[in-house]
Amino acid sequence: MSLTGLAFIFHFIPAFLLVYYIVPIKKRGLVLLLGSLIFYSLGSPISLLVLVLLVLLNYFYADRIYKHSISEDEPLPTPDKIAKLWLIVAIATDVGVLFAFKYLRVILEAFGVPFITKLVSIAEISNILGAFTQRLVIPLGISFIIFQLLSFVIDMYRGKYAEGVSLYHFAIYATMFPQISSGPITRYSDICENIERPNYVNPKLLEEGIIYFVLGLSYKVLLADKIAALWNDVWRVGASGIDTASAWLGAWGYSFEIYFDFFGYSMMAMGVAMLLGYRLPVNFTEPYSQKTMTSFWRNWHITLGRWFRDYLYIPMGGNRGSGLRTIFNIFIVWMFTAIWHGASINFLFWGLFLFAVIFTEKYITGKWLEKTKVLGHIYMLLLIPVSWMIFNITNPILLKEYLMRMLGLPVEGMVISGLAKFYSLCETYWWLMLICILFATPYPMKFIKKYQGKFLVKLMLFVAFWYSIYQLAISGNNPFIYFSF
């Protein structure tokens, strides 16, 4: 089930909220837990089974760690060697599950099946493994789920939850349906007070939740899904059939699509959580207004960046060691970021590209770009679409051709009538591009927050909601891009 599905908007969430608000406050956690399990099960019963097993396993590991960290001689939990062993087992389990679902199929199809067939000369084994990889369904949001569970176990090892956490409260946190599919990656400490001591949902939070949900829905349906047509028009022709200007326009179309798609989901998740009395962490803060790629990634998918910072970069030493060690740590973080997103080779290229850019900014260009008012934005106008093309195009040959076309280099094939394709795209999408540019700036959100109680803003949100519903009804529901991660 998707947050933008009509079944969710008109059936699931109204029925759920009705029950949630009617029951006594102390029972709302149970309603949320059961509702989350139902929400997740509607996608796939197997996915629900995987989720439940992961929750139980990680709680067992965290409980073992906690019990081996308690000492009468220490004021705070101090993990011993056995606790460290349980931590290693937990990390190995979670990473192993993530690897199995996201990368095993690729590895078996590329290496495993031919190798085993040649080794034992039994063709049936190839058929069995092939059938297995085809049936290996990736549970929705598995990457986000694993990272949340790992954050809890690691924080338990670090003594962050000195009084312990019950399975009941942990299960509510781990399965909460607004953010389970695509984040934000929430830590238990972010919402533990609401889970352990639920309270009334005040009217101000309800109003804010509705605004966030409607804005997120509008960003997804009216901006991301619509500007996606621009990229599809360009990609359908291919790099050999477009001019350089069209290649850049298509790249910017995809850049806006992925931004409003993921930002829209994050806002909808935050909005639904507010209706339940929870505040999820912010995941985006105007990334397209930044002047360096370093700053861009501090403001894009913030919770993922913080996860890698706190659980990988800093434990490896961060920037506390020599310059070479710092460079190595940054490199490792970006390689893991690339692998987290997917098994295709283009993600490794993407990670290497971002590492090279951020390395250059850190030691050469960063301070200069941040000080400039115009050049930094021009610099990002060029880098953002290039980075998203590397991220998006999984075929290395097609990726090379598209980047060559963006650079104005010759590609085999014939360009369609010079700039004719570019003029055609501009004629069709110029108004939508202008709207996307406007809403990628901080000004619309500032206006809405400043005047959210005014009739004009309420009318705008009302119209945006029902027009989004109309578009969903006539066009169907396109899945969120980050569902594949």
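Reader: Which residues does Tyr402 touch, not counting residues up to four places away in sequence?

Author: Please keep in mind throughout that this is a predicted model. Leaving out residues up to four places away in sequence, Tyr402 touches Trp231, Val234, Trp235, Ala239, Ile242, Ser246, Ala247, Gly250, Ala251, Met389 and Ile393.

Reader: What is the largest nonpolar core, and which residues have the most contacts inside it?

Author: In soluble globular proteins, nonpolar side chains tend to be buried together. Here the largest nonpolar core has 149 residues, and Tyr288 and Tyr402 are those with the most contacts inside it. Helix α11, spanning residues 244–275, gives the most to this core, contributing 20 residues.

Reader: Is Thr186 buried or exposed, and where is it found?

Author: Burial is read from relative accessibility, with buried meaning under 20%. Thr186 counts as buried because its relative accessibility is 1%, and it is found in the loop between α8 (167–175) and α9 (188–196). Its side chain reaches the backbone oxygen of Pro184 at 3.0 Å, while the residues that Thr186 touches, not counting those up to four places away in sequence, are Gln148, Ser151, Tyr173, Gln179, Ile191, Leu280 and Pro281.

Reader: Where does Pro442 lie, and why does it count as buried?

Author: The cut-off of under 20% applies again. Pro442 lies in the loop between α18 (420–439) and α19 (443–450), and it counts as buried because its relative accessibility is 14%. Not counting residues up to four places away in sequence, Pro442 touches Glu286 and Ser289.

Reader: What volume does the largest pocket have, and which residues are the closest to its centre?

Author: The largest pocket has a volume of about 820 Å³. It is lined by 25 residues, of which Thr294, Trp297, Arg298, Trp334 and Ile358 are the closest to its centre. The elements that give two or more residues to this lining are α12 (293–299), α13 (302–313), α14 (323–341) and α15 (345–371).

Reader: Which element gives the most to the lining of the largest pocket, and what does the lining have by class?

Author: With seven residues, α13 gives the most to the lining of the largest pocket. By class, that lining has ten nonpolar, eight polar and seven charged residues.

Terms used. Residues are numbered from 1 along each chain as its sequence is written. This is a predicted model: local features need pLDDT of at least 70, side-chain atom pairs count only at pLDDT 80 or more; totals for chains, interfaces and linings use all residues. Side-chain values use heavy atoms; hydrogens and water are left out. Helices (H or I, at least four residues) and strands (E, at least two) are DSSP runs, numbered from the N terminus. Buried means under 20% relative accessible area, exposed over 50%, partly exposed in between (1.4 Å probe, protein chains only). A polar contact is a pair of N or O atoms within 3.5 Å; within protein, one must be able to donate a hydrogen and the other to accept it, and residues adjacent in sequence count only if both atoms are side-chain atoms. Contact means heavy atoms within 4.5 Å. On a 1 Å grid over the protein atoms alone, a cavity is a set of points where a 1.4 Å probe fits but cannot get out, and a pocket is an open set with protein on both sides within 12 Å along at least five of seven lines; lining residues have an atom within 4 Å of a point. Grid points are joined across faces, edges and corners, and a volume is the space filled by probe spheres set on the points. Ala, Val, Leu, Ile, Met, Phe, Trp, Tyr, Cys and Pro count as nonpolar, Asp, Glu, Lys and Arg as charged, and the others, Gly among them, as polar. A nonpolar core is a set of buried Ala, Val, Leu, Ile, Met, Phe, Trp, Tyr and Cys residues joined through side-chain atoms within 4.5 Å.
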